[in-house]
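Thank you for coming, everyone. Please take a moment with the sequence and the structure on the screen, and then I will walk you through a few parts of it.

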Amino acid sequence: MTTLLFSPASTGKTQHCIERVHALRAQDKLALVWVILPNQDHVRAFRRRLSGIGVMGVELGTFYYFYAEILARAGRLLARLTEPLQYRLIQDIVTRRYGDHPHKGYYAPLRDKPGFIAELRELIEELKRARIQPDWFASAVMGRGERLEELAALYTDYQAWLMPQDWADAEGQGWLAEIALQEHPDLCRDVRLLIVDGFDEFNPTQLGVLKTLAQRAGETILTLTGDVSRERPILRRFTRARDILTRSLDITPISLSTLHTPRSTLHHLEASLFDPMPRRHTAEDAIEFVEAQNRREETRAALRWIKARAVRDHIPLRDIALVARDLGPYRAFIQETALEFGVPVRMVGGLPLARNPAVTALLSLLTLPADDWPRRRVLDAWRSPYFDWSVGQDDAQSVSYADALDAVSRNGVVIRGLAQWREAFDLAATITAERDQDEPAPPIAPEDAVSLRGRFEAFVARITPPDSATVRDYVAFVENLIGDDEPVGQDGTRSATNQSLSVVARTRENDATRDRDVAALRAFKDVLRGLVLAESVFAQEAAPITYTAFLRDVRGAVEAASYEIAVPDTQREVLLAAPVLRVRGLAFRAVAILGLAEGDLPQAEREDVLLTESDRRWLRERGLSIEPRLRGDEATFFYEAVTRASERLLLCRPYLADDGQPWEASPYWDHIRQIVDAPVRHVRPEDPLPIDDIASPQEAFCLPLLAGGGQEGGLERGAAILRARLAEQASSPFEGDLSSLAAELHAHFPADFVWSASRLESYGTCPMDFWTGVALACEPREPLEEGYNVRAFGSMVHAVMERVYQRASDPADAEAVLAALPDVAREVFDSAPSDYGFRPTALWGYQRAEIEQTIRATIVALAEESHGYAPRFYEQAFGFKGQPLLDVDGVKLHGFIDRVDAAPGGRLRVMDYKTGSTPISAQDLNEGRRLQLPLYALAARDALKLGDVDAGFYWHVGSAQPSSLELESFEGGVDAAIQIAIAHTHRYVEAIRAGKFEPRVPPGGCPSYCPATAWCWRFSGVRR
Ligand code: SF4
């Protein structure tokens, strides 16, 4: 006898099945019962509900489980193609068909794309579920173009491999199970009760097996959600399944009298869903709405509500579900928040393996040799907490060694490649170029470079694989690096024989991430073993492959893999977080649904990329039972989601999208709000949390602060910082007011401290820039790139300008200077990369010519500005190289004057070359941002005793013109300019010693070389 129970959701269909099992077992304790369920979550839930009855002799499983059971009973023992193996087989078939020829066929360009392999696998499974033979498919698509013909050929290749090997994939097992049932008429006649519960569709293979089983079982009960009293469009997916079942099994659906009465609001919701004129109903606490600022806040609100249901309403976590149409965008938030709230969660589908931090670090490390040792990633590997580099070394200070390696690689401008790394070590050992007075000292002592190099070479040797090896050998290499789950000794040491990086042991050291990372590493090792198994199954004999090919396979397999954080068997109280499609047919007391936003739920239906809707129509017209993809089932999925709860339902939506734009609510949200009268709770992270809603120790800790509870530090401190940030004028201990350090600053900058004019200028431009760059000696960390930077450009120009006038037969004659230019430029440029630490690009030849041309133009223009003057001194030092210091009323200064020209009468003109494009005016001197020129004039006159200075300017090399600030035309002349510079100098020195370092944005924006640009909240624009 076969019964099809057809009644609305949550009306007791599963309960009826359980009672039938109970009744049968009461009559016959050994009666065999088979229960077929859609997935393992249903199996778990059904088993739990059966537990009071006893499950001996009751077999529960999915169709796949019973396919294998039927085949075993029929004596057909087939090797099962697991998912990783199937992926590898399809990849192998694709590779064999297209080889290394990207233009050989329609899909050849996609031959090594993991996404294509995954799509192809889905198509093959669909064809097999529909029981379409490869030759039927091939003849149906013949003449429809290579797009479809190649799919048919790949399907044929796949089946041609499987059949003779006696292997079966999951869908093939169903096919064979049906054949076995037909060949063995007595098979499965001992099944007394067959239950099929929780489905909303059946494929041809399932129907074929079901039909035969139903004929042989003593009694069969099938359940489907639906309404015999009326046709509801929202239930069309179930209606389709009902029609197929009634046709195939020749049965009539019957309604089930309601055994279980859900709370009235939820019942009303089920009955009114998608009615054109629904009657409004009060929520009575059964249904709540939350709109949160973003997905993160939405997840927090939902988990907070779930924890409240567990704690206040005493609903066990196993009776609660957290549901989203697509769990993907929520996975990380669920994992993070559940951990914080102490809610054990089982996430269906697990977490993507490729996004686990330990696996990401490992893959990055493994690809270093293949990617030619890129600088950033080598440093990341040295700093990674997942790797223990201490084996064979005398200590484990890998982080400080990483800092030293960072400094060496910056100094040597390492971009990638072992040759560059080795050059950088050579350079660190011997710094030859004369460095500018203000440049920092070499980053590492030359003698330390030698020992660091030893470490680096050991690191390279350790992670360099053979160029070519079998998959098995490469896997052994990687597993040796990962190491066993070896406990670290009590003293924190490892055995001397352990040459691995102890990745597993390292992950165990962090309590907060241990379970997650250990689970991911286990899944990663499974991926590696899957590759070895695939090699031994598919290859005639293990042939060597390149390391790049091996990494590609590993990456592809990792992309397709997921991992689950194990919940101990003893832990029965676990929240299920699942996509909507995985909770269909399950019953919970409370359900929270995430993502009721436009585009998220309902999702836009997409055509299949390999088999379009018109292809599917074409195939159906030729008798192949392939279903359309666009079936308008989203409303049914929503119905199935909201009807899972029997007591409490929470509906959530984010009102801002991931990019911060407003996000419209889902039409389903609006629809339910029409049916249910309940307020919407608006959640923003900055809103104070009611004390009753606190869900974690972290939130409890923040509460007194948020409430202004007066804890020392904390909020007051935060508020003070915020006030400082918002103040128009920077002035507070959080913004450079270090007057409390005045005593230390006086000691650091004593009376005999020698200042440089350029550093005082830096203070005048922005005191905070001086504090970070000069006092704290922080350097801006720009990403290393090939080619010279602004600083190297300035150094090259200064070097050429200094030497070319000295080399010229007559420095006052522009022609003679220009004649000397090519040789001088060649000399400077040839050694510039090593002198100024940059790595030339392919454009270096053109750039040299361009710089030389710029200097040529500046020499010509400078000659025109120099009538009556002749160059006399170049890079003239004061306070260096045995030359006297400049003493300005007790403030001592040193520096280099780029050039001093002399007129026949002995009058002098000072000059400072500028390679930047920022204009310099008299106002800059008046306001204290430019001091060098007048101070150089004073140094030439008073310290070096070169004579009286009656002129001077900054020379802009790029535009080949003098600055608008000229000492001779400054109001009051050269002496007035000098007096102003002296006044600023004294003011600055005094302010520095008093600890005044408030940030001040320079006119035109902050300079790119200011080391504080990364964090200074006054930062504005960038000046180059
Ligand atoms: S970012 Fe601008 S305001 Fe801030 S310290 Fe640098 S130059 Fe001064």
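What you see is a predicted model, and the mean pLDDT of the chain is 88, with 92% of the residues reaching 70 or more. There is one stretch to treat with care, residues 432-437, where pLDDT stays under 50 and where the model has eleven contacts beyond four places in sequence.

Let us turn to the ligand, which is surrounded by 13 residues, the closest being Cys766, Met768, Cys1006, Cys1010 and Cys1016. Helix H31, which covers 767-775, and strand E29, at 1006-1007, each supply at least two residues of this shell. Which classes of residue make up the shell around the ligand? Ten of its residues are nonpolar and three are charged, while no polar residue takes part.

Next, please look at two helices, H33 (residues 814-836) and H34 (residues 844-864), which pack at an angle of about 145° with their axes 10 Å apart. Their crossing is right-handed, and the contact includes Leu818, Leu821 and Phe829 of H33 together with Trp844, Ile851 and Ile855 of H34, among others. By class, this contact of H33 with H34 has 15 nonpolar residues and five charged ones, and no polar ones.

Finally, the structure holds 84 salt bridges, and I have picked one of them, in which the side chains of glutamate 122 and arginine 629 meet at 3.9 Å, N to O. This pair links distant parts of the chain, 507 residues apart, with glutamate 122 in helix H5 (residues 114-129) and arginine 629 in the loop between helix H24 (613-621) and helix H25 (634-642).

How values were computed. Residues numbered from 1 in each chain as written. Predicted model: local features only at pLDDT ≥ 70, side-chain atom pairs only at ≥ 80, totals over all residues. Heavy atoms only, no water. pLDDT = per-residue confidence, 0-100. Contact = heavy atoms within 4.5 Å. Near = heavy atom within 4 Å. Helix = DSSP H or I, 4+ residues; strand = E, 2+ residues; numbered from the N terminus. Nonpolar A, V, L, I, M, F, W, Y, C, P; charged D, E, K, R; others polar. Axes fitted to C-alpha atoms, helices over the stretch in contact; angles between N-to-C directions. Left-handed = near helix turned anticlockwise from the far one by under 90°. Salt bridge = Lys/Arg side-chain N within 4 Å of Asp/Glu carboxyl O.
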